[in-house]
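Here is a short tour of one protein chain, written to be read with the model open beside you. Take a look around first, and then we can go through its parts together.

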Amino acid sequence: MTATYRDIKSDILGKITRGEWTPGSLIPGELELAETYGSARATVNRAMRELAEEGIIERKRKSGSRVRLAPLRQARFDIPVIRREIEEQGRAYRYALVRSEVVEAPEWLRARLALQPGDRVRHLVCLHLADGTPWQHEDRWINLGLLPQALDADFSASGPTEWLMAQIPFSAVEISISATAADAALAAHLDCAPGEPLLMTERSTRWNDQMVTYVRLVHRPGHRMTTRY
């Protein structure tokens, strides 16, 4: 039976932990591994990519992949689904689409997403509520050059995060967390006073060197973020 990427990843990790492949040793190339496991090279690539992301191996374009001399400990940040977050607290989740438009990407977004003049994006402004109280304000931009199906997608009943996760994987994520002050629009949406401090998360996702989406998430006053690794 053809090995899955999980099988390959587990087998490689086993060889490393058992000392068959020692720190610093060269790992066979993807073509050789694909033949060994009877899988496509893309399947091997995914297993190797995850091992590299977890700090177990080190990959270099011309010199190949090697077992790290000292495996890294890395914090992993999964993309959260706000609906689940609210429902796990025993609260009733509600979603509202505030704004939806298809526009040419503004200059600041072109720079962030590496887009060209004239490239179009789907711009969405959404509000997520818990027990009827504003919880999170979402301002999202989707690259239509990579995801043309987002042009006609219906976001009136559910938010774009889960739709995006079902449409395309991500190979890289950039996350910035900062404080911001509520302007008049945010204050109205989040039911707080103008100038009140708020927690803001900015997130960009990439797939195969192309930017998928950029989103700015602003949380209600007093929001606390917790992650475990």
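## A starting question

Is Thr133 buried, exposed or partly exposed? Thr133 is partly exposed, with a relative accessible area of 46%; here buried means under 20% relative accessible area, exposed means over 50%, and partly exposed lies in between, using a 1.4 Å probe and protein chains only. Thr133 lies in strand 6 (residues 133-143), and its C-alpha atom is separated by 9.1 Å from that of Arg94, 39 residues apart along the chain.

A word on the source: this is a predicted model, in which local features need pLDDT of at least 70, side-chain atom pairs count only at pLDDT 80 or more, and totals for chains, interfaces and linings use all residues. Residues are numbered from 1 along each chain as its sequence is written, and side-chain values use heavy atoms, with hydrogens and water left out.

## The chain as a whole

The chain has seven helices and nine strands. These are DSSP runs, numbered from the N terminus: helices are H or I with at least four residues, and strands are E with at least two. Along the principal axes, the C-alpha atoms fill a box of roughly 60 × 40 × 35 Å.

Of the 229 residues, 38% count as buried. The accessible surface comes to about 13,300 Å², and carbon and sulfur atoms hold 48% of it; these areas come from the Shrake-Rupley method with a 1.4 Å probe, and for residues only the protein chains shown count as cover. Among contacts with a separation of 6 or more, 56% are between residues 24 or more positions apart, where contact means heavy atoms within 4.5 Å.

Helix 1 (residues 5-17) has 13 residues and reaches 18 Å from its first C-alpha to its last, close to the 18 Å expected at 1.5 Å a residue. That expected span is 1.5 Å times one less than the number of residues. After the helix comes Gly19, whose phi is positive, near 85°. Tyr5, Ile8, Lys9, Ile12, Gly14, Lys15 and Ile16 are the buried residues of helix 1, and they pack against helix 2 (30-37), helix 3 (41-53), strand 2 (57-60) and strand 3 (64-67). An α-helix has 3.6 residues a turn, so residues three or four places apart point the same way.

Which residues have the most contacts inside the largest nonpolar core? They are Ile12 and Leu33, in a core of 17 residues. Helix 1, helix 2 and helix 3 are the elements that give two or more residues to this core. Apart from it lies another core, of 14 residues, among them Leu144, Leu146, Ala153 and Ile168. A nonpolar core is a set of buried Ala, Val, Leu, Ile, Met, Phe, Trp, Tyr and Cys residues joined through side-chain atoms within 4.5 Å. Beyond its neighbours within four places in sequence, Ile12 touches Trp21, Leu33, Tyr37, Met48 and Leu51.

An open sheet of three strands has the order 1-3-2, with antiparallel pairing. Strand 1 (26-27) and strand 2 stand at the edges with a single partner strand each, so one side of each has no neighbour in the sheet. Two bridges join strand 1 to strand 3, and two strands count as paired if DSSP finds at least two bridges between them. Ile27 has Ser65 in strand 3 as its bridge partner.

## Strands 4, 5 and 6

Strand 5 (residues 120-130) is largely enclosed by the rest of the structure, because ten of its eleven residues are buried. Strand 4 (residues 93-104) pairs with strand 5 in the antiparallel sense over eleven bridges, and strand 5 pairs with strand 6, also antiparallel, over ten bridges. Ala130 of strand 5 stands opposite Tyr93, and Ala130 also stands opposite Thr133 in strand 6. The hairpin of strand 5 and strand 6 has two residues between the strands, and Asp131 takes a positive phi near 50° there.

## The cysteines

How many disulfides are there? The count is zero, taking a disulfide as a pair of cysteine sulfur atoms within 2.5 Å. The sulfur of Cys126 is 18 Å from the closest cysteine sulfur, in Cys192, which is too far for a bond. Cys126 is buried at 0% relative accessibility, and Cys192 is buried with a relative accessible area of 15%.
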